[in-house]
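Here's a quick tour of one protein model, sheets and core included. Have a look at the fold before reading on.

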Amino acid sequence: MTPEIRRARTAFWWVGVVLPLALIALASIVVLSWLPDVPDPAATHWGLDGVDGYGPSWTPLALLIGLGGGTVLLFALIALLSHRLPQQGAAAPIAQPQWSATARLLGAMSLGTAGLMTVLAIVTTAAQRGLADAADAADITPWIPVLLVVMIGLAVAGWFLQPAVSRSPESSGDAATPLPLADHERAVWMKTVTVARVGQVVLGTAVFLMIAMSVLLFAQDVVAAWIVAAVALIVAVLVSTSLTFRVRASAAGLRVRSVMGWPRIDIPSAEIASVRAVRVDPFAEFGGWGYRFGMDGRRGVVLRTGDALEVARTNGRVFVVTVDDAATAASVLAASADPR
């Protein structure tokens with residue numbers, strides 16, 4: 001582990017774990033001290049006409065600790081598991097990013113979420129202190145802009161409080177050697193790649209939850225239900241087009257196409273500056289699976305952890321596609337881009 005990565009991981013612990021949990025702990029103490037002055041049942045939801053939802057007086061405290069603290073711990077778990085350090089004494093460990101911009105983003109989001117939940121718990125509890133009936137609680141709508149400012153402000157601060165970690169040069173590998181071909185020979189390489197099982201589970205669960213949410217909303221708010229249903233449909237279509245891709249490398253260049261026909265990426269051989277085989281971790285480096293934009297400027301079709309083909313274009317852009325036997329594909333593309 002380099003000093004740069006050590007600093008980044010330490011900063012993540014402070015920004016994404018210690019500070020958020022400290023905010024939640026301090027707010028919990030304040031809310032707990034106010035609970036004797038809060039009516040029971042207490043207001044738990046405000047609508048356009050004031051309070052329209054009630055629950056136990058300890059509900060804000062439970063949400064603060066459960067949802068706020070749970071989110072912080074979940075983000076920390078995701079970041080650390082997707083950037084595991086190699087164990088000492090392990091034989092030939094698989095190359096894996098030890099830190100990335102995705103982890104930095106999770107740390108920033110953790111701090112922002114903790115700030116939002118902290119202010120929300122304090123505001124909703126303070127609005128009911130000393131009341132006999134929670135229905136008389138003051139409207140908290142004016143606090144919504146404050147909540148957004150706190151969340152965004154802390155998230156931005158959390159991002160800049162963590163140092164950026166550049167991708168290590170050794171993880172990029174050497175430029176591919178062109179496949180030796182006679183003047184009359186042409187090479188074509190083709191593969192089909194499907195999103196990893198963990199990606200299928202995550203993407204499928206996200207679609208299911210959105211559909212379930214829209215079904216539940218139909219019993220309460222038809223307009224909101226249709227909006228959520230429309231978003232769920234769009235997400236389902238995008239997921240279905242990102243499950244399986246066909247990859248083709250030839251003298252014409254690189255073609256990556258979804259089995260659904262879209263998206264389709266074509267990189268002519270004349271636009272290829274260099275090609276190499278690399279290893280990619282979809283979540284650590286791109287924040288997920290499918291057609292993604294990496295925070296380091298790369299674009300790619302990343303469907304699983306492992307071998308990938310990386311193409312640097314003449315315009316400076318870099319495209320990545322995860323696929324088996326990436327080294328052979330790189331050699332074929334390198335031959336097509338070789339002016340000789």
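Let's start with a pair of strands: strand 7 and strand 10 (residues 306-313) run antiparallel to each other over eight bridges. Strands here are DSSP E runs of at least two residues and helices are H or I runs of at least four, numbered from the N terminus; two strands pair if DSSP finds at least two bridges between them. Within this pairing, Val280 sits opposite Gly306 in strand 10.

A note on the model: it is predicted, so local features need pLDDT of at least 70 and side-chain atom pairs count only at pLDDT 80 or more, while totals for chains, interfaces and linings use all residues. Residues are numbered from 1 along each chain as its sequence is written, and side-chain values use heavy atoms, with hydrogens and water left out.

Inside it, strand 5 and strand 6 pair antiparallel over five bridges, and Leu254 stands opposite Ile267 in strand 6.

**The core**

Which residues have the most contacts inside the largest nonpolar core? They are Leu254, Val256 and Leu309, in a core of 28 residues. Such a core is a set of buried Ala, Val, Leu, Ile, Met, Phe, Trp, Tyr and Cys residues joined through side-chain atoms within 4.5 Å, where buried means under 20% relative accessible area, exposed over 50%, and partly exposed in between (1.4 Å probe, protein chains only). Elements supplying at least two residues each include strand 3 (189-194), strand 4 (244-250), strand 5 (253-258) and strand 11 (318-322). Helix 8 gives the most, with six residues.

**Out on helix 4**

Ile144 is in helix 4 (residues 144-160), and at 43% relative accessibility it counts as partly exposed.
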